[in-house]
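Colleague: Hi! Could you walk me through this one?

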Amino acid sequence: MSFNHEHEIHKRRFGRNLGVALVLLGFIGVIFGLTFVKVTRGDFELPKIEAQN
Amino acid sequence: MSDASISTNQTIRPGEAGFGDYFALLKPRVMQLVVFTAAVGLLAAPVPVHPMIAFSSILFIAVGAGASGALNMWWDADIDAIMRRTSKRPIPAGKVESGEALAVGLGLSGLAVMMLGLAANLLAAALLAFTIFFYVVVYSMWLKRSTPQNIVIGGAAGAFPPVIGWVCATGTMSFEPWLMFALIFMWTPPHFWALALFMRSDYDDAGVPMLTVTHGRRATRVHILVYTVILAVLAVATGFMAIGGPLYLAVAIALNILFLRGAIQIWQRDEDMSEADNFAIERKFFRLSLWYLFAHFGAILAEAALRPWGLGGWS
């Protein structure tokens, strides 16, 4: 067997890393979407000091 | 050591499980039920919710449910290894270490509660936190191994999602979501006791004090019938409440006749009759119970969906 042969463990690691990457991307998307909706709907209120400036 | 000497069948080292193994910790099938009932609770509420907020809320309720599933697997790894039904779960199968399950469960619990608080409101987040606590501490750690009423009281944890969904939309408590809570709460015991009747050896072997083990199988059959009668009254009565309507009532009457028929058949049978046909009636009742819950919540959703056209409900 060649030393360059891709072992099953490498496939598993790649699959896990890809899964985590997709979950993180999805999470970023959800945070972005939520922030956009909350800000544009007027749910978000600036702290008083910042609002005065 | 060459690659050729590495066995692919060996127990996976910590941190080397696949993504799917970690996902399996979240009990995806239970999450499906949580997503569905939470969505019905949220959409049946009389307050419209922005689709993005609705999606995020249901997502984080599901993540919270999944996290409690991971914590349950961490705690119950010893008995999961004994029971045939659960022996292939990631921890007993040697794919994920129990410490990893604990970390995943705790991490996702905190994240889900925090994010639900930001996406919806603090009351919904507090309810989700309480649900996780109830499922992990009250049910898994305390009741499951100490009382045959484990399923009855523990069933409350699975009944909370529609209440959380409703609170996500309204921000307040009201009577209607508790009807949905009561439906799941009363449905859980007959559903699991039917399972326990035909998976007897599992619970026996693991020493879990299911009703079948502590009070006998005759008592379990009686309990299934009693709970099904109470459930039928509750389910049909819900049809006359604000979340009900003619469509829901029709579905509830039809399904509760079938469900009561199944419960009566289970009550009439003895062990010899059940073993003769490999628990066919009990298995059928268990399968019907899945459709039962799905159809009731589907009908509540349909009533809510028809309301904007003046068709849903009794008005």
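**A helix on the inside**

Modeller: Buried means 20 or more other C-beta atoms, placed from the backbone, within 10 Å of a residue's own. Helices are DSSP runs (H or I, at least four residues), numbered from the N terminus. This is a predicted model: local features need pLDDT of at least 70 and side-chain atom pairs 80 or more, while totals for chains, interfaces and linings use all residues. Residues are numbered from 1 along each chain as written, with chains lettered from A and ligands numbered from 1 in written order.

Colleague: How many residues does the largest nonpolar core have?

Modeller: It has 97 residues, and Ile61(B) is one of those with the most contacts inside it. The largest share, 14 residues, comes from H3(B), residues 51-75. Such a core joins buried Ala, Val, Leu, Ile, Met, Phe, Trp, Tyr and Cys through C-beta atoms within 7 Å.

Colleague: And what does Ile61(B) touch?

Modeller: Leaving out residues up to four places away in sequence, its contacts include Val34(B), Ala38(B) and Leu116(B). Contact means C-beta atoms, placed from the backbone, within 7 Å.

Colleague: Which residues make the contact of H2(B) with H3(B)?

Modeller: Among them are Val34(B) and Ala38(B) of H2(B), and Ile58(B) and Ile61(B) of H3(B).

Colleague: New topic: what is the secondary structure of chain A?

Modeller: Chain A has two helices and zero strands. Of its 53 residues, 2% count as buried.

Notes. Buried ≥ 20, exposed ≤ 12 C-beta atoms within 10 Å, placed from the backbone. Contact = placed C-beta atoms within 7 Å.
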